[in-house]
Number of protein chains: 2
Amino acid sequence: MTSNAHLLERRRRLLGGAYRLFYTEPVHLVSGSGVWLRDSDGKTYLDAYNNVASVGHCHPLVVEALATQAATLNTHTRYLHEAVLLYAERLLELMPDALGNVMFTCTGSEANDLALRAAKVFTGGTGIIITKHAYHGVTELTAGLSPSLGAGAPPAHDVYFVSAPDPLHDGNADGTLFASNVRAALERMRADGVTPCALLVDTIFSSDGIQPFPRGALRLAADEMRAAGGVFIADEVQAGVGRTGTHMWGFARHGVVPDLVTMGKPLGDGHPIGAVAARPAIFDMFGDKARYFNTFGGNPVSARVGLAVLDVIRDEGLLENAATVGAAMEQAVRFLQSREACIADVRAAGLYLGAEIVDTATGAPDAVRAAAIVNAMRADGVLISNSGPAGNVLKIRPPLCFSLHNVDRLASCLESSIAMSA
Amino acid sequence: MTSNAHLLERRRRLLGGAYRLFYTEPVHLVSGSGVWLRDSDGKTYLDAYNNVASVGHCHPLVVEALATQAATLNTHTRYLHEAVLLYAERLLELMPDALGNVMFTCTGSEANDLALRAAKVFTGGTGIIITKHAYHGVTELTAGLSPSLGAGAPPAHDVYFVSAPDPLHDGNADGTLFASNVRAALERMRADGVTPCALLVDTIFSSDGIQPFPRGALRLAADEMRAAGGVFIADEVQAGVGRTGTHMWGFARHGVVPDLVTMGKPLGDGHPIGAVAARPAIFDMFGDKARYFNTFGGNPVSARVGLAVLDVIRDEGLLENAATVGAAMEQAVRFLQSREACIADVRAAGLYLGAEIVDTATGAPDAVRAAAIVNAMRADGVLISNSGPAGNVLKIRPPLCFSLHNVDRLASCLESSIAMSA
């Protein structure tokens with residue numbers, strides 16, 4: 001029995017049937033550094049997928065902050081501690097002025113759940129608009145707002161679905177279509193006698209197939225929701241913390257100031273940190289009705305780790321790197337697109353790239369070939385994944401420290417993997 | 001402006017109105033070691049409250065495991081990794097054989113939320129029974145099952161309330177009253193046309209005033225719920241991981257095997273770890289309907305930390321310590337009770353003790369005096385808190401490494417604080 005087969009058997013036996021692994025042949029990782037990962041056979045992989053390791057795997061300054069604070073004090077927000085305040089200040093400095101408060105959780109799921117609880121209290125409404133293939137978390141509430149999880153997660157109460165922007169297929173280049181979809185959903189809500197609460201969107205629509213365009217669509221849509229008395233919640237678990245290169249947050253690319261901003265995955269370079277920024281009026285009204293205490297949220301260790309991640313992004317120029325290297329990555333994949341008919345579209349913002357794979361004969365979405373490409377790249381030592389309603393969009397989302405040299409390796413691996421998957 | 005006043009102002013301005021602090025004069029902690037904490041003025045506190053720091057603040061072996069794994073690899077359960085499997089094996093070894101699977105989250109809230117999602121799929125029911133002053137978390141679902149949070153958290157759908165066991169006031173010594181309360185709630189459910197899903201209880205009823213007795217009450221109540229087609233979920237966030245001294249889990253004191261067990265606070269000695277153990281049939285059915293992925297849950301760093309905590313409990317004999325020192329703590333507080341009429345009851349299991357404070361003239365619950373005692377102890381350098389529906393139960397729940405010497409200090413501080421609060 002090989003080591004991996006043994007791990008697979010133990011995993012199935014111990015963890016049960018709800019877990020999934022990446023790749024036809026799962027990867028057994030044992031160490032990581034920067035953009036590199038190593039498996040139990042000593043094989044090295046270029047990580048072009050993991051945004052959780054936002055500033056690179058095992059960044060020494062992040063590990064040092066973690067270890068130092070964990071050896072000093074790890075307690076909670078019912079005592080005073082300066083680290084959580086310093087971290088709150090740093091996060092809010094990176095936000096529009098209107099977002100004056102931040103609360104801490106441990107995960108993006110908890111962040112979305114909390115933002116929705118606060119939005120319900122603030123608006124008095126219950127109607128929530130999300131996209132048709134959204135993903136917002138794994139709590140009962142957020143799983144119910146995650147149709148991309150499939151039929152197993154029953155829809156939340158008073159949820160209304162809209163199509164995500166998709167200029168390749170819907171032909172709309174100015175964002176008015178998404179706004180009119182939201183307006184139509186609000187009309188359905190009104191007809192049902194449901195009071196609007198929130199428009200909740202992942203600002204790069206990753207599970208809807210990675211849709212960074214048209215810019216401005218979110219501003220127009222947020223205007224519709226606000227005119228109806230609801231709030232706009234920007235889910236920055238995917239696009240946030242420098243990912244798009246031009247801006248720290250995905251919503252900023254759309255020229256909109258959200259009422260609430262939820263954060264997760266990339267905040268802690270792997271350490272469990274989530275957060276919700278909000279207009280103070282929202283948290284004040286929530287706080288008048290309910291107290292909130294998240295045992296581990298905003299603890300001194302998490303706060304020091306979060307601060308270290310923001311320090312590294314600033315000191316290593318990772319926002320600028322995401323812009324520069326992201327542009328090169330897009331150019332490289334576009335060059336492949338010019339030669340490979342199976343790539344129907346390339347969509348990117350900074351270091352977040354989606355490449356739509358289609359059947360070269362029919363032009364139809366080709367999830368089988370997308371999966372074949374992903375698995376061929378894994379075999380060749382480059383980690384990416386696939387996404388989207390039809391599962392045919394290559395999802396390329398490397399750590400922010402990805403280099404031009406890494407782009408060359410990614411592109412050559414993608415080229416050979418496309419050839420091998422034909 | 002004093003340092004604390006400045007921190008309070010920044011906190012209110014940055015974090016908003018939903019956060020609460022302990023004590024009339026909040027404590028500004030800067031370091032911790034074992035059962036000791038230190039504030040910014042260099043004052044030392046004996047920690048007789050924090051179960052999160054289960055094996056002691058900043059335990060060197062836990063910090064070492066954290067730092068070593070964080071410097072090696074921190075990724076997620078979509079790749080193979082041995083640490084999560086070793087941790088799953090160790091946790092399940094400590095459970096009854098029927099509980100053969102475990103899934104990982106980051107918090108106790110997420111654990112309860114996941115257990116309820118799985119229970120709903122498994123039973124096809126929605127009716128949930130909880131106690132009248134329960135606390136089970138901060139997600140929308142679990143906050144809706146936490147009446148102790150007050151009116152700000154709207155009750156979840158199909159929730160039914162029962163009184164917690166309270167032998168001092170309800171006079172029932174054999175647990176049949178709690179079981180008959182559950183049976184009556186099931187009858188109300190039936191009358192409403194609601195299908196039973198779960199009985200969910202904190203196995204030491206901490207927010208209901210700390211009620212470790214009568215032993216066996218949970219077994220009888222679980223039998224009622226199972227006979228009606230629902231499952232029994234033991235919330236071990238409070239009583240679990242060795243706290244009660246005689247057993248690793250609170251449910252075991254009651255001679256019952258739960259269908260699902262949820263864990264949180266004490267698992268990681270401060271690091272965010274939650275978990276749900278279950279009968280495999282439950283997670284298999286859940287997994288057939290839905291996939292589950294918690295980005296940070298069960299990551300290699302959390303798994304190594306969780307393993308280190310279990311190692312320390314075993315190697316330092318902390319379960320036995322909780323029994324021995326807990327018995328001495330109970331004896332010391334009972335001795336005070338024999339001399340202080342304001343202590344109406346002392347209830348303890350291992351290192352979890354509740355002492356009910358009443359008005360010496362009327363015998364009525366005296367939350368004001370309980371708070372005065374808590375604040376006087378804080379001023380004298382010992383940290384405890386108060387709990388219960390009337391807020392009059394002193395809540396004493398120190399790290400598991402509490403010593404007999406620490407008990408002396410706690411008891412003398414409690415004695416003088418009772419005198420000063422008269």
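# A guided tour of the predicted model

Begin in chain B of this predicted model by selecting strands β2(B) and β3(B), which form a hairpin with 4 residues between them. In the turn, select Gly42(B), whose phi is positive, at about 85 degrees. The two strands, β2 (residues 36–39) and β3 (residues 44–47) of chain B, pair in the antiparallel sense over 3 bridges.

Now turn to chain A and select strands β1, β2, β3 and β13. What is the order of the strands in this sheet? The order is β1-β2-β3-β13 in an open sheet of 4 strands, and the pairing is mixed. Its edge strands are β1 (29–33) and β13 (382–383) of chain A, each of which pairs on one side only. Strands β2 (residues 36–39) and β3 (residues 44–47) of chain A run antiparallel and are joined by 3 bridges. Select Trp36(A) to find its bridge partner in β3(A), Leu46(A).

Colour chain A by domain. The assignment gives domain 1 as residues 3–55 + 317–420 and domain 2 as residues 61–315. Taken over C-alpha atoms, the centres of these two domains of chain A are separated by 25 Å.

Select the boundary between them. In chain A, 31 residues of domain 1 are in contact with 34 residues of domain 2. The two domains of chain A bury about 2400 Å² between them, with 60% of it on carbon and sulfur atoms. How many salt bridges are counted between domain 1 and domain 2 of chain A? The count is 0 salt bridges, whereas 17 residue pairs are in polar contact between these domains of chain A.

To display the domain 1 side of this boundary, select α12 (318–339), β11 (343–349), β12 (352–357) and β15 (393–396) of chain A, the elements that each give two or more residues to it. The largest share, 5 residues, comes from β11(A). By class, this side of domain 1 of chain A has 19 nonpolar, 7 polar and 5 charged residues.

Stay with helix α12 of chain A and select Arg334(A) and Glu330(A). Both residues lie in this helix, 4 residues apart, which is about one turn of the helix. Arg334(A) forms a salt bridge with Glu330(A), and the closest N and O atoms are 2.9 Å apart. In general, side chains of opposite charge can pair when their charged atoms come close. A search of the whole structure finds 32 salt bridges over all chains.

**Where chain A meets chain B**

Show both chains together. Here 95 residues of chain A are in contact with 94 residues of chain B. The area buried between chain A and chain B is about 8600 Å², of which carbon and sulfur atoms give 59%. In chain A, select Tyr79(A), Leu80(A) and Phe296(A), which lose the most area to chain B; together they make up 10% of what that side buries.

Next, look at the polar and charged pairs. Between chain A and chain B, 8 salt bridges are counted. Select Arg10(B) and Glu82(A), which form a salt bridge with their closest N and O atoms 3.0 Å apart. Across the interface of chain A and chain B there are 47 residue pairs in polar contact.

Several elements of chain A each supply at least two residues to the side that touches chain B, including α1 (3–15), α3 (82–93) and α10 (280–289). The largest share of this side, 9 residues, comes from α1(A). By class, the side of chain A that touches chain B has 49 nonpolar, 28 polar and 18 charged residues.

**Backbone details in the loops**

Finish with the backbone. Select Phe213(A) and Pro214(A), which are joined by a cis peptide bond with omega of about 0 degrees. Pro214(A) is found in the loop between β7 (196–202) and α8 (217–227) of chain A. In chain B, the peptide bond from Phe213(B) to Pro214(B) is cis, with omega near -5 degrees. Pro214(B) has its place in the loop between β7 (196–202) and α8 (217–227) of chain B.

Lastly, select Val241(A), in the loop between β8 (231–235) and α9 (250–253) of chain A. Its phi is near 65 degrees, a positive value in a residue other than glycine.

Notes: Residues are numbered from 1 along each chain as its sequence is written. Chains are lettered from A and ligands numbered from 1 in the order in which they are written. This is a predicted model: local features need pLDDT of at least 70, side-chain atom pairs count only at pLDDT 80 or more; totals for chains, interfaces and linings use all residues. Side-chain values use heavy atoms; hydrogens and water are left out. Two strands pair if DSSP finds at least two bridges between them. Domain bounds come from an automatic or database domain assignment. Contact means heavy atoms within 4.5 Å. Buried area is the accessible area (1.4 Å probe) that two parts lose on being put together, summed over both. A salt bridge is a side-chain nitrogen of Lys or Arg within 4 Å of a carboxyl oxygen of Asp or Glu. A polar contact is a pair of N or O atoms within 3.5 Å; within protein, one must be able to donate a hydrogen and the other to accept it, and residues adjacent in sequence count only if both atoms are side-chain atoms. Ala, Val, Leu, Ile, Met, Phe, Trp, Tyr, Cys and Pro count as nonpolar, Asp, Glu, Lys and Arg as charged, and the others, Gly among them, as polar.
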